[in-house]
Amino acid sequence: MAKNAYVKTRSGWFSDRTVCYLASGLPAVLQDTGFSDYLPVGDGLVPFSSLDQAVDAIARVNCEYERHRVAARELARRFFSYETVLPRLLAAALD
């Protein structure tokens, strides 16, 4: 569960701990704080906004766990690896 301020403002807040889980090939079921507007969700990273959605998301991940594991790792590589993040960070810092 995310802090209410993150959920209400749809700030897109996303935990670095979750990134570590994804990079380890562990699927994540997270309360949506708006990150679903910026990241692909549904495989490996499954958002929810209600208790019923959370229950459904957990069931879906459990039914196809290996597919979600692979997707989690790929999502972390594609969006959070240093090859992706560092060039953009340096460009912003040096601009």
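Student: Which residues does Ala 28 touch, not counting those up to four places away in sequence?
Tutor: In this predicted model, Ala 28 touches Thr 18, Leu 22, Gly 44, Leu 45 and Val 46.

Student: And which residues make up the largest nonpolar core?
Tutor: That core has 10 residues, and Ala 28 is one of them. Leu 22 and Leu 45, which Ala 28 touches, belong to the core too.

Student: OK, zooming out. How many helices and strands are there in the chain?
Tutor: You'll find 5 helices and 2 strands. Going along the sequence, the pattern reads α-α-β-β-α-α-α.

Student: What does the C-alpha trace span along its principal axes?
Tutor: About 45 × 30 × 20 Å.

Student: How much of the chain is buried?
Tutor: Buried residues are 29% of the 95 residues. As for the surface, the chain exposes about 6500 Å², and 57% of that comes from carbon and sulfur atoms.

Student: Switching to charges: how many positive and negative ones are there?
Tutor: There are 11 positive and 11 negative charges, and their mean positions sit 3 Å apart.

Student: Last one. Of the contacts between residues at least 6 apart in sequence, what share joins residues at least 24 apart?
Tutor: That share is 53%.

Methods. Residues numbered from 1 in each chain as written. Predicted model: local features only at pLDDT ≥ 70, side-chain atom pairs only at ≥ 80, totals over all residues. Heavy atoms only, no water. Helix = DSSP H or I, 4+ residues; strand = E, 2+ residues; numbered from the N terminus. Buried < 20%, exposed > 50% of the residue type's maximum accessible area, 1.4 Å probe, protein only. Contact = heavy atoms within 4.5 Å. Areas by Shrake-Rupley, 256 points an atom, 1.4 Å probe, with all protein chains shown as cover. Lys, Arg positive; Asp, Glu negative; His and termini not counted. Charge placed at Lys NZ, Arg CZ, Asp CG, Glu CD. Core = buried A, V, L, I, M, F, W, Y, C linked by side-chain atoms within 4.5 Å.
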